[in-house]
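Work through these exercises with the sequence and the 3D view side by side. Try each task before you read its solution.

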Amino acid sequence: MNRAQKSAWFGLTMSTLLLVLVVTSVLVARPAPQLSNLLWFSPALGLYALLIIFLRKKQGQDKVDIDERDSCISRKALIAAFSSTAGLLIGVCMISLFIVGPTSSIPVCLLPALLYSLFVVFILTYSVAVLVQYGWRDKDGEK
Amino acid sequence: MAKSEVKNNIRRLRFENGEMTQQQLADKTGVTRQTIIAIEAGKYAPSLPLAFRIARTFRLPIEDIFQYEYEGS
């Protein structure tokens, strides 16, 4: 398992956990959303900082860390992540337009939750796309 | 990833060249072992520069290592 796969597994685990937390916090805060109800998942940013540090950690000085195949996989995963995040944002906007109506309003404190969700979905899609392209398995079809 | 139409003899050539390991070939061509595994399995078609580096490692022309199989061949 290379660095990209380890990072993807970490990202997948963290994203799933955070997505559950974000959805739960929005559901808990549903009757009267308050900023304090939504800020408790802010440590998520710290956890993602760990992911970035994890991504930058090199395996060894004499070993090739990233080659052309890894770059190709990463590029395709980024495209998938951007597309899904954009699709989700458009979907959320359109659905809320139809549900709430064009002249109604939503609590402003739901916006950070939306941003968190988009970020988490981005990482989740990216991680899944990376793992699918590598083939999920540990040794990538080694014989 | 879909299987590429580029077939190769890398696995056979490795064994004919002193039973070269996948890691040794990876080190000589500047890629990871996973990439060599993927190329051998036909899961990844290498770029032209990498194909030339592999050909140079085996001291063979590129067409002796990689064959492009198109429809009707």
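A residue counts as exposed when its relative accessible area is over 50%, as buried when it is under 20%, and as partly exposed in between. Keep in mind that this model is predicted.

**Exercise 1. Find which residues are linked with Glu40(B) in a network of salt bridges.**

Step 1. Take Arg14(B). Its closest N and O atoms with Glu40(B) are 2.5 Å apart, which makes a salt bridge. Arg14(B) lies in helix α1 of chain B and Glu40(B) in helix α3 of chain B, so this pair ties together parts that are 26 residues apart in sequence.

Step 2. Take Arg11(B). It also forms a salt bridge with Glu40(B), at 3.5 Å. Here the parts tied together are 29 residues apart in sequence.

Step 3. Arg14(B) is buried, at 4%. Glu40(B) is buried, at 18%. Arg11(B) is partly exposed, at 39%.

Step 4. Conclude. Arg11(B), Arg14(B) and Glu40(B) are linked in a network. Over all chains, the count is three salt bridges.

**Exercise 2. Describe helix α4 of chain A from end to end.**

Step 1. Start at the N-terminal end. Asp67(A) caps it, with a side-chain oxygen 3.2 Å from the backbone nitrogen of Arg69(A).

Step 2. List buried residues. Among them are Ile73(A), Ala77(A) and Ala81(A). The buried residues of α4(A) pack against α5 of chain A together with α3 of chain B.

Step 3. Look past the end. Just after the helix, Gly101(A) takes a positive phi of about 100°.

**Exercise 3. Which helix gives the largest share of the nonpolar patch?**

Step 1. Name members. They include Ile95(A), Val108(A) and Leu111(A). The patch has about 570 Å² of accessible area together.

Step 2. Assign the share. Helix α4 of chain A gives three residues, the largest share.

Step 3. Check one member. Ile95(A) is in α4 of chain A and is exposed, at 52%.

Key: Residues numbered from 1 in each chain as written. Chains lettered and ligands numbered in written order. Predicted model: local features only at pLDDT ≥ 70, side-chain atom pairs only at ≥ 80, totals over all residues. Heavy atoms only, no water. Patch = residues over 30% accessible without salt bridge, like charges linked within 9 Å, V, L, I, M, F, W, Y side chains within 5 Å. Areas by Shrake-Rupley, 256 points an atom, 1.4 Å probe, with all protein chains shown as cover. Salt bridge = Lys/Arg side-chain N within 4 Å of Asp/Glu carboxyl O. Helix = DSSP H or I, 4+ residues; strand = E, 2+ residues; numbered from the N terminus. Buried < 20%, exposed > 50% of the residue type's maximum accessible area, 1.4 Å probe, protein only. Expected span 1.5 Å × (residues − 1). Contact = heavy atoms within 4.5 Å. Polar contact = N/O pair within 3.5 Å; in protein donor to acceptor, adjacent residues only side chain to side chain.
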